[in-house]
Structures are given as structure tokens and as C-alpha cells.
Amino acid sequence: MTLRLAPRALVVVTAAALLALPAGAPPTAAQQPTAQTVAGMRTLYDVRCAPDGTCLGVGSTLESRGAVVVLRANGQHGPVRQLFGTGALNAITCPPSGNCIAVGAG
């Protein structure tokens with residue numbers, strides 16, 4: 001699953017909420033996804049999630065450095081971890097082994 005999001009925005013929505021909508025029906029206020037900022041991130045470019053709902057997001061910081069952040073389905077996130085020597089991390093993949101690989105610009 002790849003999410004391309006607006007600068008500094010994280011949208012949290014469950015698959016069940018999306019699937020519960022009849023085709024063509026507008027969502028109610030309770031079904032609307034909520035956007036949240038991730039302090040320290042300028043842009044989130046890619047997200048990968050584990051079965052337990054914990055996700056890793058990659059992107060760039062306000063200082064234009066590549067960064068990784070842990071995101072959770074409950075909307076909470078961990079600290080933004082800058083990766084010095086990178087300008088942005090654009091994509092991430094996490095094979096079943098559990099070791100994720102991110103790529104971007106340096």
C-alpha cells in the first residue's frame with residue numbers, strides 16, 4: 001500500500017469505514033478521515049504497514065533531510081528520525097524478514 005500525501009499530513013482511516021460506504025454515497029462526518037500533522041515532517045512520500053497496524057513512513061523534514069517515522073493506526077506517531085546525508089526518502093519496502101529498505105535522494 002502506497003500513500004502519497006499532502007505536505008506534513010497523515011490521514012487515518014480504517015478499511016472497514018471505507019468499505020461500509022454504499023457505492024456513490026458521500027461519507028458522513030463520522031466516516032470522514034482525519035488529517036493530522038506529523039511534527040518535523042515536510043512531506044510523507046511512502047508508508048508500509050505491518051499486520052499489527054504499526055507503519056513506517058518515509059519522506060523529508062522541514063530541513064530537507066530524509067527521515068523515517070513510526071506511525072500507528074490510532075493516529076499516534078513516534079519521533080521523526082532524520083537520516084543525515086539524504087535529501088529525501090521517497091519509497092520504502094518491508095519484506096517478511098522485517099528489515100525495511102528505503103530509497104531516495106542524497
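The pLDDT is the predictor's confidence in each residue, on a scale from 0 to 100. For the predicted model described here, the mean pLDDT of the protein is 75, and 67% of the residues reach 70 or more. Among the elements of the protein, the lowest mean pLDDT, 42, belongs to strand 1 (residues 9–12), whereas the highest, 92, belongs to strand 7 (residues 88–93). Over residues 1–19 the pLDDT is below 50, although this stretch has 45 contacts in the model beyond near neighbours in sequence. Where pLDDT is low, the predicted coordinates should not be read in detail.

Four strands form an open sheet, of 4 strands in the order 3-4-5-6, with antiparallel pairing. The edges of this sheet are strand 3 (41–49) and strand 6 (81–83), each of which pairs on one side only. From one strand to the next, the twist of the sheet averages 30°. Strand 4, which spans residues 54–61, is joined by 7 bridges to strand 5 (residues 66–72), and these two strands run antiparallel. Within this pairing, Leu56 stands opposite Val70 in strand 5. Strand 4 and strand 5 also form a hairpin, with 4 residues between them, and Ser64 in the turn has a positive phi of about 60°. On to strand 6, strand 5 is joined by 3 bridges, again with the two strands running antiparallel, and in this pairing Ala67 stands opposite Gln82 in strand 6. Strand 5 is mostly covered, in that 5 of its 7 residues are buried.

Leaving aside neighbours within four places in sequence, Ser60 is in contact with Met41, Arg42, Thr43, Tyr45, Arg65, Gly87 and Ala88. Among these partners of Ser60 are Met41, Thr43 and Tyr45, which lie in the residue range 41–49 of strand 3, and Ala88, which lies in the range 88–93 of strand 7. Asp46 is found in strand 3 and is buried, with a relative accessible area of 2%. The C-alpha atom of Asp46 is separated by 8.4 Å from that of Leu56, the two residues being 10 residues apart along the chain.

Asp46 also takes part in a charged pair. The count of salt bridges comes to 1, and in this salt bridge the side chains of Asp46 and Arg48 meet at 3.5 Å, N to O. Whereas Asp46 counts as buried at 2% relative accessibility, Arg48 is partly exposed, with a relative accessible area of 23%.

A disulfide is a covalent bond between the sulfur atoms of two cysteines. The count of disulfides comes to 2, and with bonded cysteines counted along the chain, the disulfides of the protein follow the pattern 1-2, 3-4. One of them is formed by Cys49 and Cys55, with their sulfur atoms 2.0 Å apart. The torsion about the S-S bond of Cys49 and Cys55 is about 100°, and therefore this disulfide is right-handed. With regard to accessibility, Cys49 is partly exposed, with a relative accessible area of 41%, whereas Cys55 is buried, with a relative accessible area of 10%.

The link of Cys94 and Cys100 is right-handed, with 115° about the S-S bond. Cys94 is partly exposed, with a relative accessible area of 32%, and Cys100, at 32% relative accessibility, also counts as partly exposed.

How values were computed:
Residues numbered from 1 in each chain as written. Predicted model: local features only at pLDDT ≥ 70, side-chain atom pairs only at ≥ 80, totals over all residues. Heavy atoms only, no water. Contact = heavy atoms within 4.5 Å. Salt bridge = Lys/Arg side-chain N within 4 Å of Asp/Glu carboxyl O. Buried < 20%, exposed > 50% of the residue type's maximum accessible area, 1.4 Å probe, protein only. Pairing = 2+ DSSP bridges. Axes fitted to C-alpha atoms, helices over the stretch in contact; angles between N-to-C directions. Disulfide = S-S within 2.5 Å.
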